[in-house]
Structures are given as C-alpha cells and as structure tokens.
Amino acid sequence: MRLNSVTLAAALTLSASTLAAQNPNLQSIANDRYTRSHDYDLVHQRIVVRDFNWDSLSFTGSVASTLIALRPALDSVILDAGVLLGIKRVAGNSNATLRTSRHGDTLVVYLGRPAAFHDTVRFTIDYGGRVENGRGLTFIKERPHAPRQIWSQGEDHDNHYWFPTYDFPNDKMTWELDVTVPAGFMAVSNGALASDTKDAGGTRTLRWREDRPSATYLVSLVVAPLARIHDAWKGIPVDYYVYHSDSALASPLFHVTPDMIDVYSRLTGVPYPWQKYAQTTVADFFGGMENVSATTLVDWLPDPKAYQDRPWYQYILIPHELAHQWFGDFVTTANWANMWLNEGFAEFMPGQYWRQKVGPRLQQDYYLDEYRQFMQIDARRRMPLASSGSNNIYPKGALVLEMLRNYLGDERFWVGIHRYLTTHAFGNAITDDLRQSVLESTGENLDWFWDEWIYSAGYPEFTVTSSYNAEARRVSVVVKQTQRDTLKADSTGMRYVVPETFRMPVTIRVGTSSGSDVVRTTWIRQRDDTIAVDGVASSPTMIVFDDGNHILKKLTFDQPTALLATQLRNDDNLWNRWWVIQQLAARTTDAAAQSALADAATGSDYFLTRMQAAAALGGMPPDVALPALTKALRDTSSQVRQAAVEALGRVDGAAALPLVRATWRSDASYVVRAAALSALVRLDSTGRRALILEALRIPSYRDAIQNAAIGAAARSGDTTFVGPLQELIGEQQVPSFGLAALAMRGSQRALDLLVSDLNDARPYVRDWALTAIVQSLGPTRGLPALKAALPALKYPETRAAAERAVRQLEQEAAKPGQQ
Ligand SMILES: [Zn+2]
C-alpha cells in the first residue's frame with residue numbers, strides 16, 4: 001500500500017495516537033506472538049458476485065470454499081464475514097444444508113460430520129452482499145472525470161466485508177472470481193482472465209483465476225467502464241486499465257512498468273512471479289494497493305506538461321506497488337507487526353530501480369526524501385521498525401535496507417534477499433526469517449544490526465569535533481553519541497529501547513591543499529570514540545564525517561565556513577551536501593556562507609543541491625540572494641525554479657516583484673506557477689484579488705494552481721471570494737474546504753452555502769461539503785451548523801452520514817481539552 005503524502009501524514013498521526021498497546025520485547029516480534037491461530041488451511045475459494053446496486057450498496061454473492069482440517073474432529077469452520085452479509089444458505093456435501101451461526105463479523109459453519117485431521121472440507125455460502133460504503137468495497141456514482149465504479153480494498157482486514165473468508169495474512173489460497181457487470185463495464189481482478197462472456201440479458205461475466213497461492217487481503221475487484229492498454233514483459237501481459245477519457249495518458253505514465261519488472265527480476269534473481277500484471281486506476285483512492293498481479297491505483301494520470309515536475313505517481317507509486325509483487329505478495333508478512341517486511345522493501349526498491357536506470361545521484365535523492373520523512377515521523381513518536389503498529393515502516397524500512405546493502409555490498413545483499421524470497425516463496429515470513437536468510441547466504445552474523453536498527457528504536461545522534469596536529473600530520477576526530485533513551489513504557493508496561501551505542505563502520509574523508517584526500521574507514525564501537533586520520537600533510541581543507549552517508553543519523557559538527565564551502569563543492573553525496581547547506585543557511589551574516597550558497601544555487605551539478613541552496617538564499621541579504629535567484633529562475637529544473645520563486649517571495653518585495661510576476665506569466669511548469677502565485681499574493685497587495693480570481697480558473701495537473709489560489713483566497717479572509725469559490729463547487733473537493741476556511745473566519749454566507757451544498761443534487765458535492773464541515777469547522781462551528789441543518793436534509797444517505805458526523809463531533813467536543 002502507498003498513501004499519498006497528505007493522507008499519509010493524517011494516517012500516521014492517527015496511528016501514533018491510537019495504537020496504544022505495543023510490545024517492544026524483541027522476542028515477541030521475532031516469534032509468532034502476533035500471528036493468528038486457525039484450525040484449518042484455506043486452500044481455494046470460488047467467489048461469484050453480481051447484481052451490483054449503486055443505490056443500496058448491495059450485490060448477490062456466493063463463495064465455494066475448499067479447506068483442509070488442521071486438527072482431528074474439526075466440527076465447525078470459523079470464517080470472517082462482515083455482519084452486513086446476509087447469509088442465505090450454506091450447502092455442504094451432496095448439497096446438504098449446513099447449520100450456521102453469526103457472531104458479529106464472524107460466521108460459524110457447522111460441518112455435517114466432523115472432519116479428520118487433514119481431511120478436505122468443501123461448502124458453498126450463498127449470501128446477499130451489502131457494505132458500508134468504503135468498507136471492503138467502495139461504490140462511486142458517476143461524476144466529472146470519474147465514471148460509475150466499484151473497487152475493493154482488502155488490506156489490512158477488510159475483504160471479509162464483501163466475501164466470507166479467512167481474513168489474516170498467514171494463510172494463502174488460490175481463487176477464482178466470477179463477476180457479472182453491466183454492459184459496457186469491465187471487471188479487473190487477480191490472475192489470468194479465464195473467460196469473458198456476454199450474457200443473454202446484456203450483462204457481461206468475466207472469470208478471473210488466481211492459481212498461485214496468495215493472502216486473502218490481496219483479492220481484488222475493480223468494476224468500471226475501462227479501456228485496456230496492453231503491454232508485455234517477456235510474454236507476460238502487462239495491462240493498464242484506465243477510464244476511456246484517460247486512454248491517451250496511460251502509455252506515457254505506465255510504459256515504464258516492463259523495464260521496472262525487468263530490473264526487479266534481475267536484482268532479486270526471482271523473475272516476476274505472477275501470470276500477468278495489471279494496473280487499474282480508480283477514483284477517491286488513497287494512493288496505491290498491491291493486490292496480487294492486479295494493482296489498484298489512484299486516477300491522477302499526469303498530463304504531458306506534468307512530467308517536468310517529476311510526478312510522484314511515476315517516481316514512487318508505480319515502482320512501490322510493483323515491488324510488492326515480490327515483497328508482500330510473493331513473500332508475505334505472517335502478521336502485521338512485521339509489516340515492514342512488506343512496506344520497507346516496497347519503499348526501498350524504487351531507489352534501487354532509479355539507481356539502475358539513472359545512477360547514484362537519483363538513488364541518493366530518493367533516500368534523502370525518505371530520510372526527511374522519517375525524521376518528521378520519529379519526532380512525533382519513536383518506535384522500532386519491527387513492532388506492532390510501527391509508524392516508520394516505510395521510510396525507516398527503506399533507509400535501513402539501504403544501509404544493509406551498503407554494509408554488505410551488492411553481491412552479498414542481493415544473494416541474501418534472493419534466499420529470503422525463495423525460501424519463503426508463496427509463503428509467509430517474519431523479521432527473523434530475513435535475518436536468517438542473510439546469515440545463511442553471507443555467513444556473517446548480523447545480530448547487532450538487527451538489534452540496533454530493526455528491533456530497537458531511534459538512530460545515533462553524533463556530536464563530532466576535530467583538531468589538526470601539524471607535527472604529527474594527524475587529524476583527530478572525536479565522535480560522541482548523544483542519543484538519549486527517554487521512551488516511556490506503553491500501556492502494557494513494555495518499553496522500547498534506544499541503543500546507548502550504535503556500532504557501525506564509518507569513513508572519514510579529509511581534504512588537503514595538495515589535492516588528494518586522505519580517507520580512513522574504521523568502526524565506531526563506543527559511545528565516545530576518537531578516530532585518528534594520519535598522513536595529513538597540511539591543514540585540512542574539508543573534513544567529512546561518514547563519507548558516502550552510510551549511517552542513518554543526525555549530525556552536529558561545527559566547522560569553519562571555508563571547510564563547509566569546500567565540502568559543498570566537492571562532496572558527491574547528496575545527504576552530505578544537504579547537511580552542509582543547513583549549516584551554511586544558519587550563517588546569515590557570513591559572506592563566505594552566502595557566496596557558497598549562491599554558487600551552489602547556480603552552479604551545482606545536481607538539481608536537488610541547486611534547489612536546496614536556492615531555498616536557503618531566501619534567508620540571505622538581497623544583494624547576494626537576488627542575482628543568484630534571478631539566475632536560478634532560468635534553471636532547466638522546475639524544482640529549482642520553484643524554490644527560487646518561493647525564496648524571492650521572502651527576499652525583497654520591490655526588486656522581486658517583476659521577476660515573480662514574469663515567472664507567473666510565462667513559466668511552463670504547473671508547480672512553479674503555483675509557487676509564483678503564492679509569492680505574488682504576498683508581494684502584490686493591489687493586484688492580489690484579480691490574480692486569485694484569474695488563477696481559480698486555470699487548469700493544472702492535480703489542480704496545483706487552482707488549489708494555490710483557493711489557499712490564498714482562504715488565507716485572505718476576504719469574503720468576496722465566497723461567490724467565486726461556490727462556482728467551483730463540484731469540479732473538485734478543495735473549493736468546499738476553501739468555503740469552510742472562510743466560514744471559519746466568520747463568513748456566515750460561506751457557511752450557509754456549504755450547508756446548502758448538503759442538498760445538492762450531486763452526491764459527491766454533498767459528500768465533499770460534509771467532509772469540509774466536519775474536518776475544517778469541527779465541534780465548535782461545524783457541530784451547531786450540522787445539527788441545525790439535519791431536519792432539512794432531503795437525501796437519506798446524506799442525512800445518515802450527517803447524523804454519524806454529528807455523533808462524531810459530539811464525542812470530540814466531549815473530550816477533555818476540547819472547547
Ligand atoms: Zn506499500
């Protein structure tokens with residue numbers, strides 16, 4: 001699964017605050033404590049679904065299950081089955097009706113006679129399906145740029161809301177999915193398409209067959225009118241299913257896939273393990289989901305102009321979900337406490353793809369982004385990678401695997417990964433299985449690595465100082481680890497641990513005036529260590545701690561500006577350069593720091609460094625910043641131009657205004673124009689209103705420009721924007737939030753319009769208005785407005801949703817600390 005960043009931030013906040021019952025004891029993660037027991041092995045299910053009704057969120061279902069008893073005298077089978085699934089009949093051998101009982105989301109099927117150990121058991125459940133929308137299945141009615149559709153989402157435990165099954169990852173089965181859809185619709189699912197027939201009544205029935213064992217949370221169904229764009233990798237179908245209106249956008253976006261499959265197959269030594277690979281786009285999706293051989297993705301297909309802004313979709317989302325076909329689908333975590341085995345690898349692999357495809361700069365660029373995400377998450381709550389509900393499995397997983405690859409080297413690392421994948425092929429694994437595979441294939445006991453980086457929390461925080469002894473020709477580097485274990489016990493009394501000392505090899509690089517660097521690699525083994533670098537003939541021109549950035553860390557290392565400036569020019573590593581830029585950015589009155597940043601912003605050989613330096617110039621005096629930022633506005637990279645225009649907005653109004661205005665008028669990139677708009681709104685008080693009104697009407701990928709304008713309108717508090725925002729209602733979701741923001745700033749008219757949108761004929765407009773009222777206006781203003789509106793709400797679904805929202809807001813209002 002991969003969330004887009006906005007959803008991710010919300011989800012992580014949630015997990016940090018609600019997942020109280022953690023167990024930090026590494027033995028409990030390393031063994032099966034979190035794995036669910038079951039007394040049968042589910043082998044195969046034939047799932048039949050038809051008669052979908054978008055109004056009642058219902059369908060007709062039937063599931064034929066084959067399973068094997070794992071204990072003697074098995075007299076009943078317990079399945080997960082959503083309480084809304086109305087069981088009509090369960091038929092066993094010779095079509096005999098079997099007795100059942102329901103307990104919430106559980107269905108118990110009593111067998112006609114007890115099954116012996118390893119006996120095969122078969123029965124068929126006929127049911128009337130119904131869901132709470134978004135739980136298991138999401139039904140979407142037609143709206144602009146989204147046809148009528150249904151999509152499933154199983155992870156973690158939601159597939160049992162639409163078909164009875166064993167809903168935990170530690171039992172793999174094969175399955176068939178027979179689905180009957182309206183004429184003109186397509187149904188995409190896992191495995192190979194076995195048949196596709198036109199029915200007498202005009203409907204269409206497709207039968208998909210997944211004949212390689214997989215976890216049940218990966219069963220997938222998408223129903224929509226879709227175009228198929230066909231591609232292939234070594235004879236295996238690689239298909240892209242998109243709305244017909246998006247057909248022309250599919251190939252430029254997805255055609256990277258066969259090459260990614262090729263690179264992942266080569267790196268892991270495991271050729272793509274499934275019968276086909278489909279990627280299907282749907283509306284209102286949170287990002288992507290790696291359903292086996294049939295990934296589901298959000299419908300944000302970039303247009304041709306959006307590619308200059310390196311769309312997240314192609315850079316991260318596609319390679320992330322594809323990586324899951326090996327890590328997560330082929331080998332699956334046995335329980336959710338080891339979920340980093342799925343998500344850490346999936347987040348790690350795109351960096352490896354870009355390294356193979358483009359080179360080490362893009363690889364470092366990728367992991368630097370992961371590093372920044374991880375630091376934000378860790379600052380909120382510090383947890384081990386392998387722990388129940390861990391909040392950092394994506395970025396820390398990627399960073400720790402990259403660290404392991406750096407430590408072992410490519411050959412040993414990938415042999416270990418190959419062994420892990422093949423040992424647990426089509427099966428499950430826990431963290432210790434990975435450790436064992438690496439141990440067996442390399443012969444090296446890495447228990448220290450697992451203890452420090454995977455079973456413990458935190459990372460080393462280094463405070464480094466250096467001195468030079470000319471007589472001894474020696475640089476002495478004093479390394480102190482200052483991380484503190486301040487983690488509190490959780491509700492079960494268990495406590496995570498931050499290691500007192502991280503042990504790792506580290507490389508020091510010392511620059512000299514003679515031109516060649518002196519390099520020393522040694523191990524850090526103690527909390528306080530001193531590293532001597534000998535053979536330094538003259539006073540050092542630069543001292544790089546952790547050359548190549550092989551340790552996940554925070555670094556405090558106060559150095560003269562001249563040394564930092566030399567490092568910024570000479571260090572190849574992007575993390576190291578970023579760290580130097582942070583140091584220089586703080587030296588706002590230091591002319592040498594200013595000119596080092598100006599040089600980097602305009603002359604560095606990689607765009608990320610130019611971008612970071614340009615951003616730092618925003619805090620520097622105009623005489624230094626303006627010439628460099630003016631040049632940076634002509635950079636070939638849109639990210640550099642974006643940083644430059646944002647920085648200009650902070651430098652000096654009078655001089656910056658014409659530059660920012662010209663960028664707004666003529667830049668080719670959506671994100672640069674959006675940034676220019678935000679800067680102009682600050683700089684140009686007289687032209688502001690006209691500018692926002694103009695920008696509200698400019699189309700752009702993912703509405704970057706329109707959303708910047710809505711943000712500006714909302715921040716302005718100017719209630720004359722209420723009308724123009726209301727005109728945009730229904731085009732996309734953000735205008736509803738714009739109205740809510742103005743309502744929050746006291747506009748009664750904005751609030752009245754939002755409330756009247758709850759009776760809009762378009763269901764999505766009603767949903768968006770309700771979401772904006774609940775999320776932006778909260779208990780203080782949203783609750784009284786909703787309560788007053790309830791009697792007049794004429795659409796039953798909206799009234800029911802509003803009643804739920806009222807209850808939710810009342811609970812929030814009752815919480816301590818709320819007012
Ligand atoms: Zn994922």
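1. Exposure terms come first: a residue is buried under 20% relative accessible area, exposed over 50%, and partly exposed in between, with a 1.4 Å probe and protein chains only. Gly619 has a relative accessible area of 45%, so this glycine is partly exposed. Gly619 belongs to the loop between α15 (607-617) and α16 (622-632). Helices here are DSSP runs of H or I with at least four residues, strands are runs of E with at least two, and both are numbered from the N terminus. Between the C-alpha atoms of Gly619 and Ala586 there are 8.6 Å in space, against 33 residues in sequence.

2. On the source: the model is predicted, local features need pLDDT of at least 70, side-chain atom pairs count only at pLDDT 80 or more, and totals for chains, interfaces and linings use all residues. Residues are numbered from 1 along each chain as its sequence is written, and side-chain values use heavy atoms, with hydrogens and water left out.

3. The zinc ion has as its protein donors Met1 (N), Met1 (O), His320 (NE2), His324 (NE2) and Glu343 (OE), at 2.0 to 2.4 Å. A donor is an N, O or S atom within 2.8 Å of the metal (3.2 Å for Na, K and Ca); water is not among the atoms, so sites may look incomplete. The donor residues follow the spacing M-x318-H-x3-H-x18-E in sequence. Within this set, His324 in helix α5 (residues 312-324) and Glu343 in helix α6 (residues 340-357) are 19 residues apart and link distant parts of the chain. His324 is buried, at 0% relative accessibility, and Glu343 is likewise buried at 0%.

4. The peptide bond from Glu155 to Asp156 is cis, with omega near 0 degrees; Asp156 lies in the loop between β10 (149-152) and β11 (172-181). Ser293 is not a glycine, yet has a positive phi of about 60 degrees. The loop between β19 (287-289) and β20 (294-298) holds Ser293, which is buried at a relative accessible area of 0%. Arg310, also a residue other than glycine, has a positive phi near 45 degrees. Arg310 sits in the loop between β20 and α5 and is partly exposed, at 25% relative accessibility.

5. Strands pair if DSSP finds at least two bridges between them. Between β25 (residues 504-511) and β26 there are 7 bridges, and the two run antiparallel. Met504 is placed opposite Ile524 in β26.

6. How many cavities of 30 Å³ or more are there? The count is 1. A cavity is a set of points on a 1 Å grid over the protein atoms alone where a 1.4 Å probe fits but cannot get out; lining residues have an atom within 4 Å of a point. The largest cavity has a volume of about 50 Å³, a volume being the space filled by probe spheres set on the points. Its lining includes Phe545, Phe557, Trp575 and Trp579. At least two lining residues come from each of β28 (542-545), β29 (554-557) and α13 (574-585). The lining has 7 nonpolar residues, 3 polar and no charged. Here Ala, Val, Leu, Ile, Met, Phe, Trp, Tyr, Cys and Pro count as nonpolar, Asp, Glu, Lys and Arg as charged, and the others, Gly among them, as polar.

Technical notes. On a 1 Å grid over the protein atoms alone, a cavity is a set of points where a 1.4 Å probe fits but cannot get out, and a pocket is an open set with protein on both sides within 12 Å along at least five of seven lines; lining residues have an atom within 4 Å of a point.
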